[in-house]
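Me: I am new to this structure. Please take me through how its two chains meet, and tell me what each term rests on.

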Protein chains: 2
Amino acid sequence: MNATSEHLERFYSVIPAGGIGSRLWPLSRADAPKFLHDLTGSGQTLLRDTWDRLVPLSGEQRVMVVTGRAHRAAVERQLPELTDPNVVLESEPKDSSAAIGLAAAILLRREPDVIIGSFAADHVIKDKRGFRRSVIEAAAVAEAGYIATIGITPAEPAIGFGYIHCRGSLDVSGAPSALLVDSFVEKPDLETAQGYLASGNYLWNAGMFISRADVLLEQLGQSKPELLAGLNELADAWDTPRRGAVVDKVWPGLEKIAIDYTVAEPAAKAGRLAVIPGAFDWDDVGDFASIGKLHSGGRKKDLAILGENARVLADSSSGVVISQTGRLISLIGVTDIVVVDTADALLVTTTANAQRVKSVVDALKLSGRNDVL
Amino acid sequence: MNATSEHLERFYSVIPAGGIGSRLWPLSRADAPKFLHDLTGSGQTLLRDTWDRLVPLSGEQRVMVVTGRAHRAAVERQLPELTDPNVVLESEPKDSSAAIGLAAAILLRREPDVIIGSFAADHVIKDKRGFRRSVIEAAAVAEAGYIATIGITPAEPAIGFGYIHCRGSLDVSGAPSALLVDSFVEKPDLETAQGYLASGNYLWNAGMFISRADVLLEQLGQSKPELLAGLNELADAWDTPRRGAVVDKVWPGLEKIAIDYTVAEPAAKAGRLAVIPGAFDWDDVGDFASIGKLHSGGRKKDLAILGENARVLADSSSGVVISQTGRLISLIGVTDIVVVDTADALLVTTTANAQRVKSVVDALKLSGRNDVL
């Protein structure tokens, strides 16, 4: 591994672009998922931001996107450089084990020694250089046979993220900051999060995985042999005329499960999971409160306004306004408010209630109001 | 005056239907003023409610409506029984002295001993019988040569209404509860309002005036002789072919001033203003907080929802939602909220800030955004 070369050798970026982002309803929808929105004010979508972050690492010929059939056109509009062999379409969502596992299996057949790095399409990182440094270390660890992740050094006792519990350091050339992972822990309560922060042994789980494709698939096969068999059948047919028929046969039966459970946690238990503590900024933009935070730089009194044609008249108000309609939005004396104004649905809540937005989506699903989902 | 007859003798109802209701923006607009909305959930507009309240007193042939030219069609749709001689159109708004004064002057020429009762088009009274009892007493007082008003017995130390300070009782046959008015006082602060309530000598000023037309005009002439001269010129021409020409000549120059200043306050000073303490419910529905109160019956936790096609999904929320668009409105964890959702403008505020809505309208006027006013 030569970290000074223009691109990382053997490295292939994989972008699973699948999640809708239910906590960002009614902005995010089945037909307008989170990764197709500009949530940072950068002027481009989160997917495009992700692409721009990865191309310097792997080159634009070596970025694979796994997405739903329904999003193909939108993804290709965002990424005109994306070539056909780098597009993997899911006929229905099957969660991250299938998405990343299939990418790994396809790439393994094309390049037996490939190292893949999987990065969500809808996260925000501003410090590209810091990100790049961490990925280079992670790739070195992956080359040594570990499954690597990049954990984010906590900036605060966040309760909206899962954490990675680290133990001793790892002696791998080219990865001076690498640590061994002890375990993954779920989103904590505030007191627990404060303890994590104080201990210095916990990092935020940003869901980034860097691994040799063969190592990742082997670990997946130990947890879920049937799932691996299905992915191998798909990958064997992928670059042949049989692809369509095999997808139709195999894809619907694949188990729907997150890669955290099939690869990351078992690998941690087996002592094969390494983590690079990333010192860069990172946010999964999980809810409207984090959008507000991204835009205000942490200042409480600000009002973040998103939307190209937003017309907002605010008096003594703070929070987040997202406007998709061009209607005049007037706020008077509402603090930490969240207003999301779309053509067919309006959401009014507060940043403190931002995590509860998903419950609305669940209620709408239950009542069959799919027209607004 | 025979209070047991079917209708009050000599009595003519006048409904000035002029105010837009700026504190109810963006529901109330120049082209959709407050009186053309159903704010009570009665299924009909406030104007129609007002008509229905007055017809039993004066008969439907004896209700005059003073409104803007722009609202003629809408008013006639609401009141198909309204006959041409009972429609007085203003070419531009000139406030209540001109509106009520012109009605009085026109009616005086048709019936020299007419008693007029003027009642806003956009107030809410549910207890029609109580209202009727008070008007009958007021008409008796008016017959005796006083200018009469009906004050509302305060239910709480409201700070959104002006008050009437009463002194000794008045000995007029047919009006056992009549009092003499000492003075009118402006909207008080809370402490002052509490004092008013405790004293028992203060009533809410509901802007209802009952008077012989000649007495009212004489009082107006003492305060504003030029205004009276203009109204007389208009009234002389009203029922002749010269009406249009005289309106074009005289109306634009009339002074724009509320009848409180030209008639009510001077009459109180002169000891000619009587008040009937009304024991019925009354609300001027001055802002969104009062709409909420009307619908919740005073219970704090309720969410009032107005709008024929309203689709509201509320979780741990209270306040007022007014929906004109049929869009799905979702509220999460917002208390005492006000959401007004119209085709081109959205308002989000709280009931505590309801009085500040007018400042938005003022800001929009200043910035020339008349498209949403």
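Reply: Start with a term: two strands pair if DSSP finds at least two bridges between them. Strands (E, at least two residues) and helices (H or I, at least four) are DSSP runs, numbered from the N terminus. This is a predicted model; local features need pLDDT of at least 70, side-chain atom pairs count only at pLDDT 80 or more, and totals for chains, interfaces and linings use all residues. Residues are numbered from 1 along each chain as its sequence is written, chains are lettered from A and ligands numbered from 1 in the order in which they are written, and side-chain values use heavy atoms, without hydrogens and water.

Me: What makes E13(B) and strand E15 of chain A a pair?

Reply: Four bridges join them. The rule asks for at least two, so they pair. The two strands run parallel. A:Ala345 stands opposite B:Leu328.

Me: Why is the link between A:Arg327 and B:Asp341 called a salt bridge?

Reply: The term needs a side-chain nitrogen of Lys or Arg within 4 Å of a carboxyl oxygen of Asp or Glu. Here the closest N and O atoms are 2.8 Å apart, so the pair qualifies. Six salt bridges are counted between chain B and chain A.

Me: How do you know how much area the chains bury between them?

Reply: Buried area is the accessible area (1.4 Å probe) that two parts lose on being put together, summed over both. For chain B and chain A that is about 2,800 Å². Carbon and sulfur atoms hold 56% of it.

Me: Which residues count as in contact?

Reply: Those with heavy atoms within 4.5 Å. On that basis, 36 residues of chain B touch 36 residues of chain A.
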